[in-house]
Amino acid sequence: MADGESIESLLHEGRLFPPPDAVRAGAEVRSLDQWREVHARSLADPEGYWAEEAGRLEWFRTWDRVLEWAPPDARWFAGATTNLCHNCVDRHAAGPRADAAAILWEGEPIGPDGPEVRRVSFADLRRETARLGAVLKSLGVRKGDIVTIYMPMVPELAIAMLACARIGAAHSVIFGGFSASAIADRVADAGSRVILTADGGWRRGKIVPLKENVDAACVTLAGAGVRVEHVVVLERCGNPVAWHHAPEASHGDKRDHWWHDLMRAAPDDGACEPMDSEALLFVLYTSGSTGKPKGILHTTGGYMTHVATTARVVFDLDAARGDVFWCTADCGWVTGHSYVVYGALCNGVTTVMYEGAPDAPTPGRFWEIVERHGVTQFYTAPTAIRAFMKWGEEHPRKSDLRSLRVLGTVGEPINPEAWMWYHRAIGAERCPIVDTWWQTETGGHMITPLPGATPTKPGSCTLPFFGVDAAIVNEQGREMPANQGGLLAIRRPWPGMLRGVLNDRERFVQTYWSRIKGPDGEPYYFAGDGARRDEDGYFWIMGRVDDVINVSGHRLGTMEVESALVSHPAVAEAAVVSMPHEIKGAGIAAFVTLREGAGVSADEALRETLRSHVVKEIGAIARPDVVRFTKSLPKTRSGKIMRRLLRAIAEGREHVGDTTTLEDYAVLAKLRESDEG
Ligand code: PRX
């Protein structure tokens, strides 16, 4: 059984999945030849390509120059003015899409009449963003200020982001799962004086006490001499909250305000502020493998053009066809910014938002949502797909998934086993999978299949998007031959690129622009990922360079060893890290979770089976020295495995560094106790 499956999985890896005819027929790019032609043209003249795309959007004043590039500083659409809220909301509210659904939302709890569902039209969004914009102004928010948003996945979260964009304030969205100390750090760094939050949000049947966390953060901030003037609280769960008054605050005598009180009195006729193309749109904090989180800066015109274009082309979005797009990411991540909110709405397409957990109340919840709302494009993370696999195929089978046309993944390399499962169990072998490689820093998709054009290979993010000059290079900036691993670099600027790290110019330059240089000394963007290109030019991401394991002088990407482990039928998920080894310098420690109902016991025999399995799949060099069974793996809130913590455990170190992004603290404790072998 095990042997049969693994041989099959190797065959799959070499397999090519052509775009299905049904998708190809309606897509904007319909063949690999067409992709080649447009890609070549876009690289011969990137500015021409992006200007043409920008021309599909509305600008209040057109640009003087498409790009000003003084490495590492880019100005896209210099001299132009526009407004992202206008492009996402007002221009659709003024046309035939006014009454179409902009947001379809579902709350987590399921009552006797089913879940709470809300439908927000483009006209509703225009009114609500205008009102909230007026509220923010009345609280003293001015152009360029940074408003912190710490909310559950409810429509008001999207409204908050759009309202900031509308009045020219920048937003800093903090994921609702973060702790008070994470909020305090970010609010202090951003200098926010206004925080938008809610009493609570639903997650796996429990209320996450958002307001309470904000209160605790404000206490910490006050201790550090930072004063938050206003906290606006949406009533979502009705849980009791403490109420604070700050006599010195500028708005009456209050610090805390109910959202509905302020909205009631607010005018709804405020127009969108014309913003310079390079005006700050948002700050989003992202953690590196070490050190404090970086506030990644994104600006207006280039980011808008990048996300609008990629959302349309990569997901094959079409408002006229009535597409219903669902990206399962929380708005606290870049994926939520770029595709739940801005990318879908910029194209006038309905976006689905869901408040809660994928297994609340049952592991079939996502598929019920797909059926209920007729979702046409579904975008999620490999970690979620592996969870669905673990829960079993019977759950998606209970729902009618025939509305689905395109599937997507993002966030980490997808192992071929999970890809095949997604393709079969969710896509019924008729939906192309777009495995999109990008980062918080890139703003939008960079390397990705196009659903009607690119033949896909399970586990590969395939080919660069138009206008994107991606390459695999060595430390000297020279391009690597096919199938040799190297550093993933972007050799030319692109419109959605980060414009800096808030309050830390040095870190911006050092982290991204100092490591690799081209033949004429021009800096390349260093993504921090190791990757290779195969003989067809397809990209295969091998994992973060920081995670590379060096065994007896051979550098191994974590991804390949993990894929080998997961291709064994007993394994649900695996993470491998380097550990000290007397002889080899570094050895490999594998942390493994087993599939539910696989009927195996976590014993020495299974450990040996898994070691041999890896040897068979990759070679003796990759044989794990230690295999540990564990119930779960430590993950960031966005689902990335925290290999840094696993390394600390594998090395027997006690202090594991910053854990503010850890999904489940309890996992750490369990891992320490995990059954070692
Ligand atoms: O290592 C790559 C991985 O996620 C990193 C970016 O993480 P973040 O900024 O949190 O953004 C995630 C959502 C865009 C990358 O450096 N990554 C992201 N997408 C993929 C991926 N690795 C492999 N394949 C992908 N499709």
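Is Phe 77 buried or exposed? Phe 77 counts as buried, at 0% relative accessibility; buried means under 20% relative accessible area, exposed over 50%, and partly exposed in between (1.4 Å probe, protein chains only). The model is predicted: local features need pLDDT of at least 70, side-chain atom pairs count only at pLDDT 80 or more, and totals for chains, interfaces and linings use all residues. Residues are numbered from 1 along each chain as its sequence is written, and side-chain values use heavy atoms, with hydrogens and water left out.

**Ligand site**

- The side chain of Asp 529 has an N or O atom 2.8 Å from an oxygen atom of the ligand.
- On its own the ligand has 530 Å² of accessible area, of which the protein covers 91%; accessible areas come from the Shrake-Rupley method with a 1.4 Å probe, and for residues only the protein chains shown count as cover.

**Salt bridges**

- The model has 53 salt bridges, a salt bridge being a side-chain nitrogen of Lys or Arg within 4 Å of a carboxyl oxygen of Asp or Glu.
- Glu 53 and Arg 312 form a salt bridge in which the closest N and O atoms are 3.0 Å apart.
- Because Glu 53 lies in helix α4 (residues 46-54) and Arg 312 in helix α11 (residues 301-314), this pair ties together parts that are 259 residues apart in sequence.
- Glu 53 is buried, at 6% relative accessible area, and Arg 312 is buried too, at 11%.
- Asp 124 and Arg 127 form a salt bridge with closest N and O atoms 3.0 Å apart; both residues lie in helix α6 (residues 122-138), three residues apart, about one turn of the helix.
- Arg 127 is partly exposed at 31% relative accessible area, and Asp 124 is partly exposed at 23%.
- Asp 529 is buried at 6% relative accessibility, whereas Arg 544 is partly exposed at 37%.
- Through shared partners, salt bridges join Glu 604, Arg 607, Glu 608, Arg 611 and Arg 623 into one network.

**Surroundings of Thr 558**

- Thr 558 is in helix α18 (residues 558-566) and is buried, at 2% relative accessibility.
- Apart from neighbours within four places in sequence, Thr 558 is in contact with Met 542, Gly 543, Asp 547, Ile 549, Val 576 and Arg 643; contact means heavy atoms within 4.5 Å.

**Backbone geometry**

- Most residues other than glycine have a negative phi, and most peptide bonds are trans.
- Pro 71 and Pro 72 are joined by a cis peptide bond, with omega about 0 degrees; Pro 72 is in the loop between β1 (65-70) and β2 (73-78).
- A cis peptide bond also runs from Ala 360 to Pro 361, with omega near -5 degrees; Pro 361 is in the loop between β17 (350-354) and α13 (365-373).
- Phe 77, in strand β2, has a positive phi, near 55 degrees.
- Asp 316 also has a positive phi, near 55 degrees; Asp 316 is in the loop between α11 and β16 (324-327) and is buried, at 6% relative accessibility.

Key:
A polar contact is a pair of N or O atoms within 3.5 Å; within protein, one must be able to donate a hydrogen and the other to accept it, and residues adjacent in sequence count only if both atoms are side-chain atoms. Helices (H or I, at least four residues) and strands (E, at least two) are DSSP runs, numbered from the N terminus.
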